[in-house]
Amino acid sequence: MNAGRMTTVGIHTVTQPNGEIQWCFSQVKGTLDDEITEADIISCVEFNHDGDLLATGDKGGRVVIFQRDPVSKTSVPKRGEYNVYSTFQSHEPEFDYLKSLEIEEKINKIRWLRRKNPAHFLLSTNDKTIKLWKVSERDKRAEGYNLKDEAGEMKDRGVLTGLRVPVLKPMELMVEASPRRIYANAHTYHINSISVNSDAETYLSADDLRINLWHLDITDQSFNIVDIKPANMEELTEVITAAEFHPTDCNHFVYSSSKGLIRLCDMRMAALCDRHAKLFEEAEDPANRSFFSEIISSISDVKFSRSGRYMLSRDYLSVKVWDLHMETKPIETYPVHEYLRSKLCSLYENDCIFDKFECCWGNNDQAVLTGSYNNFFRMFDRTSKRDVTLEASREIARPKTTLKAKKICSGGKRKKDEVSVDSLDFNKKILHTAWHPTENIIAVAATNNLFIFQDKF
């Protein structure tokens, strides 16, 4: 996403007469032109812990950080408006000469560290290398050096007649992003997840077959805590797809697999967590068995709820809510785009069936959000059991635009306000979403655009 070509539109929000949450357009970041370069495609989205900053990574290796407009936080009603805060190149393309492999610069994941001082810290990773970045502000500079003039050139020492005490003078605010640590050479396969522990000292990184535990201050050593690589690779039956630390219990983490399993591990049990403490699995209905069953049951994302009591998992056709106290089946299952079940053959042929959709929790764990095709995204209310399909498109990128629910027609006679399954654009897909930690503000990545929506009660 090219920060230099950003456009921003702001609005006031409205509500439905019956008082239900109504989502409204707030902003769009990125150009709305038809020309899209591969490097500008957004590959991850993440709010920080208080929601004042929002970071995106793209396929070009760039990280763009947006900061909440202070006025939008205090206005009545509150507005979810963000401005560009910092843009920096996080990763560059590399080449592994030993394996003759190109290593893409694409940012796979961004994770914020909890704030301890005026600076902000975040982890970003591509397929092989994780970096810790410090993002800090500077609004003063020192002037009046003894050995340098104002241009920074060294003075002739022969003309020095006395000592001066440098003073701090105000300057225009500058935001600097500097790499503080580089964690490399620990993964043979592509990194798909990073997760910061609640102890604020360690984090994990996961690839297809292994999960490593790092200390934030140590770059040349990590501990392998999960290894599912078989002695004979021909016996490989599953790969790790996502991993995350528990939000409050620093010894617990989960990882999901391509077999549709979620394993909860306890690091107190053994140094190598090759035995899980709990296994979450839903038995497959034999009636639904098909050639595509294994592919569509693969879990592409797993997230702990903010309270830590529940987990949310996303497979190709659904999102599921799991209770940590019940391993046998999910307590809630929400179909995301069940109308695609009849289209699996064509989705297999165009590789869309391998798309990895993410999911996220609402700010109070009562709602879940995930993406779909045609720039549709889905929201499920766990209390009322209602769901809605909304669209992130340039048509709604206008002031005072209320998002209208979309209805998909899978066959038969199509009504006027319905969208036919056959007209869906599978090149437009929402893979990455994020929800503000305390407010109803969501960020949705639609190819090279970042849409921000908000509600008003």
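**Entry 1. Disulfides**

A disulfide is a pair of cysteine sulfur atoms within 2.5 Å. In general, a disulfide is a covalent bond between the sulfur atoms of two cysteines. I looked for such pairs and found zero disulfides in the structure. I checked cysteine 345, and the nearest cysteine sulfur belongs to cysteine 352, 13 Å away. For cysteine 359 the nearest cysteine sulfur is that of cysteine 360, at 7.3 Å.

Next I looked up accessibility. I call a residue buried under 20% relative accessible area, exposed over 50%, and partly exposed in between (1.4 Å probe, protein chains only). Cysteine 345 counts as partly exposed because its relative accessibility is 45%. Cysteine 359 is at 0%, so it counts as buried.

**Entry 2. What kind of model this is**

I note that this is a predicted model, where local features need pLDDT of at least 70, side-chain atom pairs count only at pLDDT 80 or more, and totals for chains, interfaces and linings use all residues. Residues are numbered from 1 along each chain as its sequence is written, and side-chain values use heavy atoms, with hydrogens and water left out.

I looked up pLDDT, the predictor's confidence in each residue, from 0 to 100. The chain averages 89, and 94% of the residues score at least 70. For the elements I use DSSP runs, numbered from the N terminus: helices are H or I with at least four residues, strands are E with at least two. Strand β8 (residues 109–112) has the highest mean pLDDT of the elements, 98. Helix α1 (residues 70–74) has the lowest, 85.

Where does pLDDT stay under 50? I found this over residues 3–19. The model still has 51 contacts beyond four places in sequence for them. Contact here means heavy atoms within 4.5 Å. Where pLDDT is low, the predicted coordinates should not be read in detail.

**Entry 3. The cores**

I looked for nonpolar cores. Each is a set of buried Ala, Val, Leu, Ile, Met, Phe, Trp, Tyr and Cys residues joined through side-chain atoms within 4.5 Å. The largest has 20 residues, and Phe377, Ile442 and Phe453 have the most contacts inside it. Two or more residues come from each of β1 (23–29), β25 (367–371), β26 (376–381), β31 (441–446) and β32 (449–455). A second, separate core has 19 residues, among them Leu340, Leu344, Phe357 and Val419.

**Entry 4. Strand β25**

I followed β25 next. Five of its five residues are buried, so β25 is largely enclosed by the rest of the structure. In a regular strand the side chains alternate between the two faces of the sheet. In β25, Ala367, Leu369 and Gly371 point one way, while Val368 and Thr370 point the other way.

Then I checked pairing, which needs at least two DSSP bridges between two strands. Strand β24 (residues 359–361) runs antiparallel to β25, with three bridges. Leucine 369 in β25 stands opposite cysteine 360. The two strands form a hairpin with five residues between them, and aspartate 365 in the turn has a positive phi of about 65 degrees. β25 also runs antiparallel to β26, joined by five bridges. Which residue in β26 is the bridge partner of threonine 370? I found arginine 378 there. β25 and β26 make a hairpin with four residues between them.

**Entry 5. Strand β4 and arginine 68**

Five of the seven residues of β4 are buried, so β4 is largely enclosed by the rest of the structure. Strand β3 (residues 53–58) pairs with β4 in the antiparallel sense over five bridges. Leucine 54 has phenylalanine 66 in β4 as its bridge partner. Strand β5 (residues 82–89) is antiparallel to β4, with seven bridges.

Is arginine 68 buried or exposed? It counts as buried because its relative accessibility is 3%. I placed arginine 68 in β4 (residues 62–68).

I then looked for its polar contacts. These are pairs of N or O atoms within 3.5 Å; within protein, one must be able to donate a hydrogen and the other to accept it, and residues adjacent in sequence count only if both atoms are side-chain atoms. The side chain of arginine 68 makes one with the side chain of glutamate 439, at 3.1 Å. A polar atom of the arginine 68 side chain also lies 3.0 Å from the backbone oxygen of arginine 79.
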